[in-house]
Amino acid sequence: MSAQPFFELWVYLAATPLAGLTLTLVAYAVAWRCYVRSGMHPAANPVLISVGLIVAVLWASGTRYQTYFDGAQFVHFLLGPAVVGLAVPLAREWGSVRKLALPIAGALVVGSVVALVTTVGLARALGATPATLLSLAPKSVTAPIAMGIAQRIGGVPALAAVFAVTTGVIGAALGKYVLDACRVRDWRARGFALGMAAHGIGTARAFQVNVEAGTYASLAFALHGFIAAVLFPLGYALLVRSA
Amino acid sequence: MSEFLTGFTWLLVFQCAGEVLVRLAGLPIPGPVAGMALLFAALLLRRQAPDAMKVAAGGLGQHLSLLFVPAGVGVMMYVAQVTDEWLPILAALVVSTVLAIAATALTFAWLARRQRRAQTHGPQ
């Protein structure tokens, strides 16, 4: 039997969106199993494992990212409605959020300023190029919003998405240790910090640990996304005009 | 129609409304964020989210990590740029994320404690 039919089958499969979509879901299913098997250890982050598996498969098969994304875009597209859906926990918690307006507003301002200033400051001091710098700036904001911001301020949207996802994975993996070291035991504060610095991936992690932490994480995630989307382009426009 | 489908349809309707609003008014924010703001305003007026909306938003929320995977795989397109500038990128990502988590959590916990103390002792 010759290898020809298999080759033709592969060419056919690789050219349809089916392959990219299936690969994404299968990789995630495998990654999720590893995560659960590890007792949900923060280092066994499902996004990290999925991305590693998919990149390995694409590399080994010589498939281009664009071909993969033709299929994976159906999953990526759902980020839009997921962002819209953040209004639901926000509206549900509005009563308790109003009572905690001061801690929430204070943590929101401090967290977003620290995330932005340390990112830009460190990257600049260590010699990042302007394209990298502008793509790094919105890294703590969720990927779809970070892409929109990067586009408006002159970064590379796809690179901003990569940085945002990496930030989410780092935050979800290290968050527990940082929060333990800071001796913060309040679940609301712990969750809020994860959603603030590590957006959706930190929020997913917070929900897996504690429901109250998850709720406050989604709150921080939504608020940070919203104020960053409004303030980043405005701030950048002011900066450019004054320079 | 199933609850998930009804809720999902509403999310898309609000996303579309957000996109239209952003384009027409020339707002500097992404469409889904405007959609989130519109939905939030609608939910506050209604006081309670319909069950269908909770099911759809909760369903997407549960698998939030999955939705970030396709964007993350994009790292393979930037291997050269990322390896060239690995030090500033890695330092900015790790150090800034750790500091942002610590600063946010400490600020939140400190202000919440202060507020609780002010409430129990009263401002007499």
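Reader: Is A146(A) buried or exposed?
Author: Take the neighbour count in this predicted model. A residue is buried if 20 or more other C-beta atoms lie within 10 Å of its own, exposed if 12 or fewer, and partly exposed in between, with C-beta atoms placed from the backbone. A146(A) has 33 other C-beta atoms within 10 Å, so A146(A) is buried.

Reader: How are residues and chains labelled, and what pLDDT do local features need?
Author: Residues are numbered from 1 along each chain as its sequence is written, and chains are lettered from A and ligands numbered from 1 in the order in which they are written. Side-chain atom pairs count only at pLDDT 80 or more, totals for chains, interfaces and linings use all residues, and local features need pLDDT of at least 70.

Reader: How far apart in space are A146(A) and G225(A)?
Author: In sequence, 79 residues separate A146(A) from G225(A). C-alpha to C-alpha, the distance in space is 8.3 Å.

Reader: What span should helix α11 of chain A have?
Author: α11(A) covers residues 157-181, with its end C-alpha atoms 34 Å apart. The expected span is 1.5 Å times one less than the number of residues. For 25 residues that agrees with the actual distance, because α11(A) should span 36 Å.

Reader: How are α11(A) and α7(B) oriented to each other?
Author: Their axes lie 9 Å apart, at an angle of about 50 degrees. Angles under 35 degrees count as roughly parallel, over 145 as roughly antiparallel, 65 to 115 as roughly perpendicular and the rest as oblique. The two helices are therefore oblique.

Key. Helix = DSSP H or I, 4+ residues; strand = E, 2+ residues; numbered from the N terminus. Axes fitted to C-alpha atoms, helices over the stretch in contact; angles between N-to-C directions.
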